[in-house]
Amino acid sequence: MKNIRVLVVGCGNMGASHAKAYQNVAGFEICGLVSPGNSKEALNEALGGGQKLYSDYYTALSDSKPDAVCISTYPDTHEAYAIAALEADCHVFLEKPIADSLAGAIRVAEAVEKSGKKLVVGYILRHHPSWIKFIEIAKTMGKPLVMRMNLNQQSHGYMWDVHRNLMKSLSPIVDCGVHYIDVMCQMTRSKPMRVSAIGARMTEDIPAGNYNYGQLQIHFEDGSVGWYEAGWGPMISQNAYFVKDVFGPKGSVSIVAKNAGGEGKSDDVESHTKTESLRVHHADIDTKNEFTKEDEWVNLTDEPDHQGLCDREQAYFLQAINDNIDLTDHVEDAVNSLRIAFACDESVRTGEMVKL
């Protein structure tokens, strides 16, 4: 079987990791690197050199004639770039979110259906063994579930540049929140009914209409509730910034990331994916209201680093193409999580609860 030729668009953090994955996963070959700035030269060197470099995406798409396109650019380009690739008869790996508007996400989904090509959206936690186990255990805790999650980042240096650029088009609870909304939807498999959210603009360093701290709440049809909190910037506290905790009538399960939750790690992408341990608590009590079971610690030996997760994502992308995997549910879930996130964004801006 011949290699899938991939055009890599966006050569920053995620683009570089995906490009390295295409070298690590047999069955791919890179046919070009695209970025408007110097990141493509740095990535080319990191890959060993010899890659064809482009500054313009559409020129690269026409010239390189790829089988697939990997899009890791800022969200305001996702819709246009993905649709152009699909119309050029390419499979697409697209970093989340699928677009910078709900209407745009729906247009991408429609373009996928029309093209018959594969679209994999970068929901990296779906490929993480510990997060898969976290969701699996949460489902055994009964209903309703209470889901508490956050990822606040005291970003500075290069990461503050990245976050400021992201906030030109999206808020933290949309850009990051789609991951954790997707997790909540997997845990409950229940219909989200309404959302409410708050936000604060804590710096003049971002667009006037945006905010760099937000917290959202989701109410599900089965009675489950969930909240997610995200803040970006040099003023963000590192106290309790890494919370991943779920409880139901039968007990609780929590991600306990002693290292990832340590001082100075909040804007470290590598530490965001390190779960380290799952703590499982059972609610069973005896006639004296004392617990009948000790808490359990689940330590998965298969704990990939950030690059390892990107390798797994791209291996799945390859399998989807070669084995013709039906990704209808995958695309629908990506659109649905973004629909919920934008409803939360609307709640921040209006001060009202939003029904879904």
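A pocket is here an open set of grid points with protein on both sides within 12 Å along at least five of seven lines, and its lining residues have an atom within 4 Å of a point. The structure examined is a predicted model.

By this description, the largest pocket holds about 1100 Å³ of space. Its lining comprises 48 residues, of which Asn-13, Met-14, Ser-72, Val-162 and Leu-166 are the closest to the centre. Several helices take part: α1 (13-24), α4 (78-87), α7 (158-166), α9 (177-188) and α10 (269-272) each contribute at least two lining residues. The greatest contribution is that of α7, which gives seven residues.

The search of the whole structure also returned one cavity of 30 Å³ or more. The volume of the largest cavity is about 30 Å³. Its lining is formed by Tyr-123, Leu-125, Arg-126, Ile-135, His-179, Asp-182, Val-183 and Gln-186. Here α9 gives the most, with four residues.

Two of the residues that line the cavity, Arg-126 and Asp-182, are also touched by Asp-333, as is Arg-189, when residues up to four places away in sequence are not counted. Asp-333 belongs to helix α12. Asp-333 counts as buried because its relative accessibility is 18%, under the limit of 20%. The C-alpha atom of Asp-333 is separated by 9.3 Å from that of Gln-186, although the two residues are 147 residues apart along the chain. Arg-189 itself is located in the loop between α9 and β8. With a relative accessible area of 53%, Arg-189 is exposed. Its phi is near 45°, a positive value in a residue other than glycine.

Strand β8 (residues 192-200) contains Ser-196. A relative accessible area of 15% makes Ser-196 buried. Beyond its neighbours within four places in sequence, Ser-196 is in contact with Gln-215, Leu-216, Gln-217, Ser-347 and Met-353.

The largest nonpolar core has 88 residues, and the members that touch the most others are Tyr-57, Ile-98, Met-149 and Met-187. Helix α12 (residues 328-350) supplies the largest share of this core, 10 residues. A second, separate core of 22 residues includes Cys-11, Tyr-22, Cys-70 and Val-120. Apart from neighbours within four places in sequence, Met-187 is in contact with Phe-134, Ile-135, Ala-138, Lys-139, Lys-143, Leu-145, Met-147, Met-149 and Val-246.

Aromatic rings were considered next. Rings of Phe, Tyr and Trp are paired when their centres lie within 6.5 Å, and by this rule there are nine aromatic pairs. One of them joins Tyr-22 and Phe-28, with 4.7 Å centre to centre and 65° between the planes. The pair is edge-to-face because this angle of 65° is over 60 degrees. Both partners are buried: Tyr-22 has a relative accessible area of 2%, and Phe-28 one of 6%. Elsewhere, Lys-244 lies over the face of Phe-242, 3.9 Å from the ring centre.

Helix α4, one of the helices that line the largest pocket, is mostly covered, with eight of its 10 residues buried. These are His-78, Glu-79, Tyr-81, Ala-82, Ile-83, Ala-84, Ala-85 and Leu-86. Among the elements that cover the buried residues of α4 are β1 (4-9), α3 (57-64), β4 (68-71), β5 (91-94) and α5 (102-115). The helix is followed by Asp-89, found in the loop between α4 and β5. Phi of Asp-89 is near 70°, which is positive although the residue is not glycine.

Cis peptide bonds occur at two prolines described here. The bond from Lys-96 to Pro-97 is cis, with omega near -10°, and Pro-97 is placed in the loop between β5 and α5. The bond from Lys-143 to Pro-144 is likewise cis, with omega near 0°. Pro-144 is part of the loop between α6 (129-138) and β7 (146-151).

Technical notes
Residues numbered from 1 in each chain as written. Predicted model: local features only at pLDDT ≥ 70, side-chain atom pairs only at ≥ 80, totals over all residues. Heavy atoms only, no water. Phe/Tyr/Trp six-rings, centres within 6.5 Å; stacked < 30°, edge-to-face > 60°. Buried < 20%, exposed > 50% of the residue type's maximum accessible area, 1.4 Å probe, protein only. Lys NZ or Arg CZ within 6 Å of the ring centre and 35° of its normal. Core = buried A, V, L, I, M, F, W, Y, C linked by side-chain atoms within 4.5 Å. Contact = heavy atoms within 4.5 Å. 1 Å grid on protein atoms, 1.4 Å probe; cavity = no way out; pocket = protein on both sides within 12 Å on 5 of 7 lines; lining within 4 Å. Points joined across faces, edges and corners; volume = space filled by probe spheres on them.
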